[in-house]
Amino acid sequence: MQFFIFALVLLATEIFFLDYSKPSFWMLFGPTLLAFAYQLWWILPYTSLYPKEVQQIDQVDTENSIKIITANVLMSNKHVEKLISLVEQNKPDILVTLETNQWWQSKLKNIEDDYPYRMSCPLENLYGMHIYSKYVLSDSKTEFLVEDDIPSMHTLLTLPSGQNIRMHFLHPAPPSPTENEESSERDAELIMVAKSVAGAETPVIVTGDLNDVAWSKTTRLFRKISKLLDPRIGRGMFNTFHADFWFMRWPLDHLFHSPHFKLYAMRRLSPFGSDHFALLTQLIYNKSYIDALQSGLTADKDDQAFAKEKLSTERVSENDVPSPG
């Protein structure tokens, strides 16, 4: 989006100030126009001008509804009361917290009466994770799929209707000078989960802070291999990071799901002291939805070869990912 806006401003500036009759104008205008079109191609799917990948539904089936808040809390953030206020206002069925340590776990005890089913992995390394659920969780496992200090959570959730949903919660480490020199670890974790859920008969939801933008090669590869859908397509970017800088924001917090669901609501919530906004998504399950006109990206031979290479580099496999249920 930032490059798109910059190119748009540059185009307008060239048209206003330069002389059309000179070859130098076209030498500048042509490449700028190409850059503008290229950036537009990437972001257009995340606008209302593009067809929706996930169909909208306007009526809530309470027995088959699942409302999820995914929140990277920023471990050093002490405004826990603001997050609790968001939970009280929006009443999610599932609260996913990332970067939560022992302090955050103790402070969130106030909501435990409303969320009797929980998974906990408090850590002091910015990768702690907690799940708070109103719905029954079973066959739950916390795993360290690629790195010894980066957890992921996997569980089977049962809706009030009795329908089971396979849930995967992720927060892989990003490539950065203080984390990993390259993106191989993050990429491998996303790919192994994608291969694990591909073709699953049980409905699937994957959510978390993936430390990757929605249109990146790796996230697109995840969608291709997993065959999961992105409810943001045709609706918006839902940029969740950085909460403090309106001009520098990207969609890093994601939710993908199998075609068994339609979307009732999706929105970015108000700031709560973190460098991330929380993301709220409400899906409605119906077994007939999988036959609806809902489909995402498709992997080709090059995609499969790239995925195999990534897993081989990190010496991991989709068989390492728990398959709840």
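1. A salt bridge is taken here as a side-chain nitrogen of Lys or Arg within 4 Å of a carboxyl oxygen of Asp or Glu, and by this rule the count comes to seven salt bridges. The side chains of Glu53 and Arg223 form one of them, at 2.7 Å from N to O. This pair links distant parts of the chain, 170 residues apart, with Glu53 in the loop between helix H2 (23-43) and S1 and Arg223 in helix H6 (residues 217-226). Helices (H or I, at least four residues) and strands (E, at least two) are DSSP runs, numbered from the N terminus.

2. Please keep in mind that this is a predicted model, in which local features need pLDDT of at least 70 and side-chain atom pairs count only at pLDDT 80 or more, while totals for chains, interfaces and linings use all residues. Residues are numbered from 1 along each chain as its sequence is written, and side-chain values use heavy atoms, with hydrogens and water left out.

3. Glu53 counts as buried because its relative accessibility is 10%, and Arg223 counts as buried because its value is 2%.

4. A second salt bridge joins the side chains of Asp212 and Arg186, at 3.7 Å from N to O. Asp212 lies in the loop between S8 and H6, whereas Arg186 lies in helix H5 (residues 184-197), 26 residues apart. Asp212 is buried, with a relative accessible area of 7%, and Arg186 counts as buried at 8% relative accessibility.

5. Asp187 and Lys310 also meet through their side chains in a salt bridge, at 3.2 Å from N to O. Here helix H5, which holds Asp187, is linked to helix H7 (residues 301-314), which holds Lys310, and the two residues are 123 residues apart. Both Asp187 and Lys310 are buried. Through salt bridges that share partners, Arg186, Asp187, Asp212 and Lys310 are joined into one network.

6. Strand S8 (residues 204-209) is mostly covered, as six of its six residues are buried. In a regular strand the side chains alternate between the two faces of the sheet. In S8 both faces are covered, with Val204, Val206 and Gly208 buried on one side and Ile205, Thr207 and Asp209 buried on the other.

7. Two strands pair if DSSP finds at least two bridges between them. Strand S7 (residues 164-170) pairs with S8 in the parallel sense over five bridges, and Arg166 stands opposite Val204 in S8. S8 and strand S9 (residues 253-257) pair in the antiparallel sense, over five bridges, and Asp209 stands opposite Asp253 in S9.

8. An open sheet of six strands, with mixed pairing, has the order S3-S4-S2-S1-S11-S10. Its edge strands are S3 (117-121) and S10 (261-268), each of which pairs on one side only. Within this sheet, strand S1 (residues 65-72) and strand S11 (residues 279-285) pair in the antiparallel sense over six bridges, and the bridge partner of Ile69 in S11 is Leu280.

9. At the surface, which side of the cut-offs does Phe17 fall on, buried or exposed? Phe17, which lies in helix H1 (residues 2-17), counts as exposed because its relative accessibility is 62%.

Terms used: Buried means under 20% relative accessible area, exposed over 50%, partly exposed in between (1.4 Å probe, protein chains only).
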